[in-house]
Amino acid sequence: MAPRLDFSEWWTKDTRKGTPVIVTMENPNYSILEIDGPDAAFRPVDKDRGKNAKQFTWVLLLKAHRAVGCVTWLATVLWTLLGAVKTRLFFGRGVTMESDKSSKERFLFKVIRGFLLISLAILVFEVVAHLKGWHYFQNSHLHIPQTSEIQGWLHMIFVAWLAFRADYIAPTIQALSNFCVALFIIQSIDRMVLCIGCFWIKLKKIKPTIIGDPFKSEDLEGNDYEYPMVLVQIPMCNEKEVYEQSISAVCQIDWPKDRILIQVLDDSDDESIQNLIKVEVSRWSQQGINIIYRHRLVRTGYKAGNLKSAMGCDYVRGYEFVAIFDADFQPNSDYLKKTVPHFKDNPELGLVQARWAFVNKDENLLTRLQNINLCFHFEVEQQVNGVFLNFFGFNGTAGVWRIKALEDSGGWLERTTVEDMDIAVRAHLNGWKFIYLNDVKVLCEVPESYEAYKKQQHRWHSGPMQLFRLCLPSIIHSKITIWKKANLILLFFLLRKLILPFYSFTLFCIILPLTMFVPEAELPIWVICYIPVFMSFLNILPTPRSFPFIVPYLLFENTMSVTKFHAMVSGLFQLGSSYEWVITKTGRASESDLIAAAERESKTLTHPQIYRGASDSELSELNKLKEQQEAPQPPHDRKVTNL
């Protein structure tokens with residue numbers, strides 16, 4: 001007997017919803033209806049009769065439609081997810097997929113696609129094998145390996161691997177590890193010598209001093225000291241968050257107003273930011289501050305091009321010194337009084353560099369770890385080199401240059417991403433001396449996000465390798481002493497800029513993990529533990545409060561060695577990524593924007609003035625634009641229609 005499909009009881013089950021409602025009206029023109037539930041008015045007259053088969057079919061179709069909609073939604077979500085993965089792989093930093101796909105991203109996508117294709121092929125093979133009945137226990141023609149046979153094969157493979165590992169892999173790893181250990185020892189000795197020099201400076205209280213006090217009232221009345229003309233430059237580009245505090249701090253520097261000129265060198269490509277900076281400059285100008293706003297027509301060369309263009313202005317010729325502050329730096333009001341007097345009676349002095357102090361060093365763990373490295377750099381490296389060698393790498397900001405030293409060294413060049421180190425090396429080759437003031441601090445900020453810090457470190461380690469390739473012939477043929485040449489080549493560039501990221505990455509990120517799988521190649525315990533911990537303690541000495549972070553500091557340095565090594569290789573071999581900081585941080589204006597800007601500025605500036613304040617790259621760009629504007633337009637065929 002076939003089962004009876006009777007859904008009448010289920011379908012006609014009383015499911016009241018809500019509460020009964022009675023509606024009454026005054027002077028009713030309509031009949032009054034009592035509603036027991038929301039479906040009472042639409043309930044069929046014959047309540048005992050069940051739904052027919054057609055209505056039941058509609059219910060099933062409705063449920064099927066909902067199921068299909070759910071599957072469609074899942075497919076849409078999966079498709080969107082795949083699209084996001086593809087966009088992440090190809091677009092990277094918002095660059096178009098067709099023009100700027102990097103080789104690494106294409107290779108990664110090919111690997112993922114190949115893995116998916118292989119997985120699908122194996123799945124199809126498994127399905128076909130199952131349908132054909134290709135199983136070990138069903139097909140008598142297939143040989144099933146016994147356990148002893150498999151163990152014998154595995155034993156042979158393992159013995160062969162041990163022999164190959166001991167004869168070929170282990171000696172190679174051991175030789176490379178010995179080489180890296182030697183570099184590690186040399187670099188550790190250099191760090192120890194620097195720390196001993198810093199300790200000697202602290203013990204003997206050695207520091208640059210100013211003879212007398214030129215700012216005493218009686219000296220000023222006797223005209224023993226005349227305030228020199230100082231130019232203060234603030235290069236910036238789209239610095240919306242920090243421009244105001246930087247300009248405010250510089251405008252409050254204690255120096256005679258008629259002996260100082262502040263240049264706000266704005267390379268911003270956002271007109272709203274330009275207007276904000278102009279308003280801030282105008283506000284300080286109305287208060288009697290000698291400050292001007294300058295925006296280049298053609299923004300080439302980035303910071304080096306910006307500084308070079310500003311130094312080419314006619315009114316700069318009357319100034320003797322130039323102080324440079326990046327947009328996030330806030331000097332104290334007595335900054336010039338603590339730095340400029342060092343140039344008096346010292347004609348060989350070309351640069352006075354102040355120390356950086358970080359206002360956000362305790363913001364998070366990343367800023368604390370950065371503070372450890374930077375404090376060692378300023379407290380130990382810069383101070384020791386400044387006292388004993390009168391040379392160190394210019395930090396690009398918070399320094400005062402003698403303009404004559406800049407001109408004798410060739411001025412700002414746009415050939416590398418480390419224009420500050422470039423001008424420092426060229427000035428040193430020309431015989432100029434540097435002074436580092438550890439007790440003069442300028443407030444600034446360190447990157448608070450890992451991405452920003454990673455880009456900064458990439459530039460700081462790829463740029464010096466670019467500069468080393470360019471400056472090596474000049475160093476060799478220069479007239480400085482042999483030991484100064486050796487210091488530049490062996491210590492300044494090779495040991496501290498090339499060897500340090502090389503051995504750190506190779507020894508601790510490659511060789512040390514390999515020794516776990518190749519026990520024949522061993523690393524001494526003093527290389528793995530004792531010396532790294534001891535060197536970490538030396539690095540933390542300038543910041544004693546950072547001792548609780550020594551373990552994260554060790555792990556952080558090993559992690560960052562990958563980025564530093566990659567940056568070093570890209571800069572040494574002139575790879576495309578060596579210019580990554582230049583491309584991502586500053587954008588170029590389009591041709592139409594440049595032409596429009598030139599037309600606006602031509603109403604107030606003459607051509608000789610524009611050319612005077614332009615760098616070489618700017619002049620070439622302006623000449624190209626001028627030729628394109630003056631070139632005759634090709635004739636166009638026009639159709640004449642009679643109306």
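**Helix packing and buried elements in a predicted model**

The end C-alpha atoms of residues 111–131 are 30 Å apart, and this span is 100% helix and 0% strand. The model is predicted. Residues 523–541 are 84% helix and 0% strand. Their end C-alpha atoms lie 27 Å apart.

Helix packing was examined next. Two packed helices are described by the angle between their axes and the distance between the axes. Helix H15 spans residues 482–517, and helix H17 spans residues 550–572. Their axes come within 8 Å and cross at roughly 130 degrees. H15 and H17 are therefore oblique to each other. Their crossing is left-handed. On the H15 side, the contact involves Lys497, Leu498, Pro501, Phe502, Ser504, Phe505, Phe508 and Cys509. These meet Asn558, Ser561, Val562, Lys564, Phe565, Met568 and Leu572 of H17. By class, the contact of H15 with H17 has 10 nonpolar, three polar and two charged residues.

H17 also packs against helix H14, residues 450–477. Here the angle is about 40 degrees, and the axes are 7 Å apart. H14 and H17 are therefore oblique to each other. The crossing of H14 and H17 is right-handed. H14 contributes Tyr450, Tyr453, Lys454, Gln457, His458, His461, Ser462, Met465, Gln466 and Arg469 to the contact. H17 contributes Phe556, Met560, Thr563, Lys564, His566, Ala567, Met568, Ser570, Gly571 and Leu572. By class, the contact of H14 with H17 has eight nonpolar, nine polar and three charged residues. Lys564, Met568 and Leu572 of H17 take part in the contact with H15 and in the contact with H14.

Burial was then considered. Helix H9 covers residues 302–311. Nine of its 10 residues are buried, so H9 is largely enclosed by the rest of the structure. The buried residues are Tyr302, Lys303, Ala304, Gly305, Asn306, Leu307, Ser309, Ala310 and Met311.

Glutamine 383 is found in helix H11, residues 365–388. Its relative accessible area is 7%. Buried means under 20%, so glutamine 383 counts as buried. Neighbours within four places in sequence are left aside in its contact list. Glutamine 383 then contacts Cys198, Ile201, Lys202, Phe378, Tyr436 and Asn438.

Notes: Residues numbered from 1 in each chain as written. Predicted model: local features only at pLDDT ≥ 70, side-chain atom pairs only at ≥ 80, totals over all residues. Heavy atoms only, no water. Axes fitted to C-alpha atoms, helices over the stretch in contact; angles between N-to-C directions. Helix = DSSP H or I, 4+ residues; strand = E, 2+ residues; numbered from the N terminus. Parallel < 35°, antiparallel > 145°, perpendicular 65-115°, else oblique. Left-handed = near helix turned anticlockwise from the far one by under 90°. Contact = heavy atoms within 4.5 Å. Nonpolar A, V, L, I, M, F, W, Y, C, P; charged D, E, K, R; others polar. Buried < 20%, exposed > 50% of the residue type's maximum accessible area, 1.4 Å probe, protein only.
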